[in-house]
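Subject: Handing over the structure

Dear colleague,

I am passing this structure on to you, and the sequence and model are placed just below.

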Amino acid sequence: MSILNDWGIDVQNIMSITTDNGSNILKSIEELNLENAHISCFAHNINIGVNHSLDIPVLKRAIAQLKKLQNAFAMSWKMKRDHHKAQELLQMEVKTLPSACPTRWWSTLKLVKRFLENQLPICKTLLEYSNKKHLMLEENEISALEDFTRATELLEDITSSLSGEQYTTASAVLPLYMKIKK
C-alpha cells in the first residue's frame with residue numbers, strides 16, 4: 001500500500017495488474033484483494049517455458065557447444081577477422097556471433113539464428129585453425145538448433161508484442177485469459 005500511496009495510486013482504481021509469478025508478488029496481490037485483476041505476465045511465462053525446453057539434452061549440448069564456438073570467435077581477433085573475410089568472400093553481410101544471456105531466452109535464439117545463417121563462413125574459418133575444428137557442431141546438434149528456431153520464432157514475436165513499456169498490453173491478453181479461465 002505504501003508504494004501505491006507513493007505513486008498516488010488508489011487501489012480501487014486498479015483494473016488490471018500484470019506481474020511475474022514470484023510468491024512475494026502474488027502474496028501482495030492477495031493482500032490488496034486484486035486477485036480478480038491479476039494477469040500473470042505472459043512473456044514471463046513464455047520465458048519460463050522456453051528455458052525448460054533448453055534443458056532437453058540434445059539442445060542443451062548444442063547450445064553449450066554453440067556458446068563455446070561464440071566465445072572462441074569473441075576472444076580471438078584473428079578468428080573474428082577471418083570470419084569477416086569469409087563472410088565477405090561469400091557476399092554475406094558481415095556480422096559477429098552475439099552472446100547469449102541465460103535469463104533472456106531470445107538472446108539464445110538470436111545466437112542460434114546467426115549461427116545457422118553463417119555455417120559456411122564459420123566452417124571455412126574453423127578449417128583455418130586446426131586446434132579449433134572441434135568447435136563445429138555435429139549434424140544432430142544443428143538439427144536441434146533448427147527445431148528450436150522453428151518452435152520459438154513465433155514466441156519471440158508474441159513476447160515482443162506483449163513487452164510494451166509505452167503502451168498497454170493487458171488488453172491483448174485479457175480476452176484470451178478470460179476465455180481460458182472460464
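Trp7 is found in the loop that runs between α1 (2–6) and β1 (17–19), where helices (H or I, at least four residues) and strands (E, at least two) are DSSP runs numbered from the N terminus. Before going further, please keep in mind that this is a predicted model, in which local features need pLDDT of at least 70 and side-chain atom pairs count only at pLDDT 80 or more, while totals for chains, interfaces and linings use all residues. Residues are numbered from 1 along each chain as its sequence is written, and side-chain values use heavy atoms, with hydrogens and water left out.

Trp7 is exposed, its relative accessible area being 69%; here buried means under 20% relative accessible area, exposed means over 50%, and partly exposed lies in between (1.4 Å probe, protein chains only). Together with Ile3 and Ile9, Trp7 forms a nonpolar patch on the surface, and the three have about 390 Å² of accessible area together. Such patches are made of residues with over 30% relative accessible area and no salt bridge, like charges being joined within 9 Å and nonpolar side chains (Val, Leu, Ile, Met, Phe, Trp, Tyr) within 5 Å. The areas come from the Shrake-Rupley method with a 1.4 Å probe, and for residues only the protein chains shown count as cover.

Now for the chain as a whole. Its secondary structure comes to nine helices and two strands, which follow the pattern α-β-α-β-α-α-α-α-α-α-α when read along the sequence. Of the 182 residues in the protein chain, 33% are buried. The chain exposes about 11,800 Å², of which carbon and sulfur atoms supply 55%. Among the contacts (heavy atoms within 4.5 Å) with a separation of 6 or more, 60% are accounted for by residues 24 or more positions apart.

Helix α4 (residues 57–75) packs against helix α5 (residues 77–89) at an angle of about 100°, with the axes 5 Å apart; axes are lines fitted to C-alpha atoms, for helices over the stretch in contact, and angles run from 0 to 180 degrees between N-to-C directions. The two helices α4 and α5 are therefore roughly perpendicular to each other, given that angles under 35 degrees count as roughly parallel, over 145 as roughly antiparallel, 65 to 115 as roughly perpendicular and the rest as oblique. On the α4 side the contact is made by Ala72, Phe73, Ala74 and Met75, and on the α5 side by Trp77, Met79, Lys80 and His83.

The axes of α4 and α6 come within 11 Å and cross at roughly 75°, which makes α4 roughly perpendicular to α6 as well. Here Ile63, Leu66, Lys67, Leu69 and Gln70 in α4 meet Thr108, Leu111, Val112 and Phe115 in α6. Gln65, which also lies in helix α4, is buried, with a relative accessible area of 13%. Leaving aside its neighbours within four places in sequence, Gln65 is in contact with His134, Leu135, Met136, Leu137 and Glu141.

Turning to charged pairs, a search of the whole structure finds seven salt bridges, each being a side-chain nitrogen of Lys or Arg within 4 Å of a carboxyl oxygen of Asp or Glu. One of them joins the side chains of Arg81 and Asp82 (3.1 Å, N to O); Arg81 is partly exposed at 34% relative accessible area, whereas Asp82 counts as buried at 10%. Another is formed by Lys95 and Glu93, with the closest N and O atoms 3.8 Å apart; Lys95 counts as partly exposed at 29% relative accessibility, and Glu93 as exposed at 58%.

Lys113 forms a salt bridge with Glu156, the closest N and O atoms lying 3.2 Å apart. This pair links distant parts of the chain, since Lys113 is in helix α6 (residues 105–117) and Glu156 in helix α8 (residues 139–162), 43 residues apart. Lys113 counts as partly exposed at 23% relative accessibility, while Glu156 counts as buried at 15%. Salt bridges that share partners join Lys113, Glu153 and Glu156 into one network.
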